[in-house]
Amino acid sequence: MLPQKQAEEAVVTNFTETENEGGGIIVGEDDNKEQENSMFALKSLLWHGGSVWDAWFSCASNQVAQVLLTLPYSFSQLGMLSGILLQVFYGLMGSWTAYLISVLYVEYRTRKEKENVNFKNHVIQWFEVLDGLLGPYWKAVGLAFNCTFLLFGSVIQLIACASNIYYINDKLDKRTWTYIFGACCATTVFIPSFHNYRIWSFLGLGMTTYTAWYLTIAALVHGQVEGVTHSGPTKLVLYFTGATNILYTFGGHAVTVEIMHAMWKPQKFKYIYLMATLYVFTLTLPSASAVYWAFGDQLLSHSNAFSLLPKTRFRDAAVLLMLIHQFITFGFACTPLYFVWEKVIGMHDTKSICLRALARLPVVVPIWFLAIIFPFFGPINSAVGALLVSFTVYIIPALAHMLTYRKPSARQNAAEKPPFFMPSWSAMYVINAFVVVWIFVVGFGFGGWASMTNFIRQIDTFGLFAKCYQCQPSGLPPPKATGAPPPRAHHL
């Protein structure tokens, strides 16, 4: 399509122009030119990404981060069979709504290109897509849910950093570690956009791959603890809490539009998220199943899988790699918030990286503060999944697609037709309606009730500003490996 071709050329042109501004190549001096070209090639290799592979690495790396460590906890709430089936179910559903988001982005960009809108120095975001296709009310809803989800997504990464490092160095409590890692994660303000996550996405996926297979192998080598029991599911509140954590796991496509906009050919994104999800299955299913098999109901009071595995150099390596990856994922979640804030204060088109970084710093402060107030690693995932992810990346995209193409003229002139495996627009409508009803009733309704009940009990048990959530009190021996369920006060 011509409009799509123009959009692709605009992205490539902007990329080239940006590079040429800093290239500094001196014509007529061969040695300098060769040196500059070599530096440019290395910089492009490590720093500037926009290919299909870059998008795949970004999606796969961003999709499975600290949640990898909480999935065994969810299996203890759900039971083995439900845990596996819900991972596959929500993984495919998440891939479908990511596809819908990509279609709506292409539709929005195609329409704007026909109006000769130039997106140079401007990153398109999800709320702008909703505004262009459905109007200002949808923009407000999309902006509210997306920003709140990304805010708490960043909070969760910060909490995970403190939770993980504690298993290497427990001389400092988790709250102190949160202070430290909050300052470290604030350095993400210097990463301009998703173009610049090429090397980080690649390394991040390698880190989670190592951690997932470490969890799998370590659990199998450790074997089942004495008297292990696998009683889940036992209570509805536990079942739906675990289910919404899995909903959260495969709802990481709140940054889909920003990743697409960083691509040289955004229309090729359509099936990338599905391919990323299929790879993520090879990490989440074996690790969660193996750890739950080994430790069973003990996981009900240990939301971080690292806490039950013996301290070895392999575990320490996994902890360190996850810390680095959580720094990367923090940047993924925060970068769209940086864009929104830049647009609010009129700094989005500023070329100076230092000025933009300085302008972005206020975004990090509330994230830091919320991570200190609610340090509940595990339960907070389910609460965010039920109340925010359910709308942000499931219900709103499905409804937006239904309304955008509700008229015959819109369907006839659509930039993207139904996929090859979908017989008609009616079939898409049915699937979208199913997504909306299922997520609203099961994800938001039952999941919201269960996750908030559990979350409130964490506050009652540990209090706000908990200094060291789920830490073993000093002077007491570690808990014995038994299959007895934990006290009710910790998790319903």
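Lys112 counts as partly exposed, at 22% relative accessibility (buried means under 20% relative accessible area, exposed over 50%, partly exposed in between, with a 1.4 Å probe and protein chains only). Its salt-bridge partner is Glu115, with the closest N and O atoms 3.7 Å apart. Glu115 counts as exposed, at 53% relative accessibility. A salt bridge is a side-chain nitrogen of Lys or Arg within 4 Å of a carboxyl oxygen of Asp or Glu.

The model is predicted: local features need pLDDT of at least 70, side-chain atom pairs count only at pLDDT 80 or more, and totals for chains, interfaces and linings use all residues. Residues are numbered from 1 along each chain as its sequence is written, and side-chain values use heavy atoms, with hydrogens and water left out.

A search of the whole structure finds 9 salt bridges. One of them pairs Glu128 with Lys343, the closest N and O atoms being 3.1 Å apart. Glu128 lies in helix α6 (residues 126–134) and Lys343 in helix α13 (residues 313–345), so this pair ties together parts that are 215 residues apart in sequence. Helices are DSSP runs (H or I, at least four residues), numbered from the N terminus. Glu128 is buried, with a relative accessible area of 12%. Lys343 is partly exposed, at 22% relative accessibility. Asp316 forms a salt bridge with Lys311, with the closest N and O atoms 3.1 Å apart. Glu342, Arg356 and Arg360 are linked in a network of salt bridges.

Helix α4 (residues 67–78) has 12 residues. The helix reaches 16 Å from its first C-alpha to its last, close to the 16 Å expected at 1.5 Å a residue (the expected span is 1.5 Å times one less than the number of residues). Of the 12 residues of α4, 12 are buried, so the helix is largely enclosed by the rest of the structure. Among them are Val67, Pro72, Tyr73, Phe75 and Gln77. Gly79 follows α4 and has a positive phi, near 95°.

Two packed helices are described by the angle between their axes and the distance between the axes. The axes of helix α3 (residues 52–63) and helix α9 (residues 198–222) come within 8 Å and cross at roughly 50°. Axes are lines fitted to C-alpha atoms, for helices over the stretch in contact, and angles run from 0 to 180 degrees between N-to-C directions. α3 and α9 are therefore oblique to each other (under 35 degrees counts as roughly parallel, over 145 as roughly antiparallel, 65 to 115 as roughly perpendicular and the rest as oblique). The contact (heavy atoms within 4.5 Å) involves residues including Trp56 and Phe57 of α3 and Arg198 and Phe202 of α9.

How values were computed
Helices (H or I, at least four residues) and strands (E, at least two) are DSSP runs, numbered from the N terminus.
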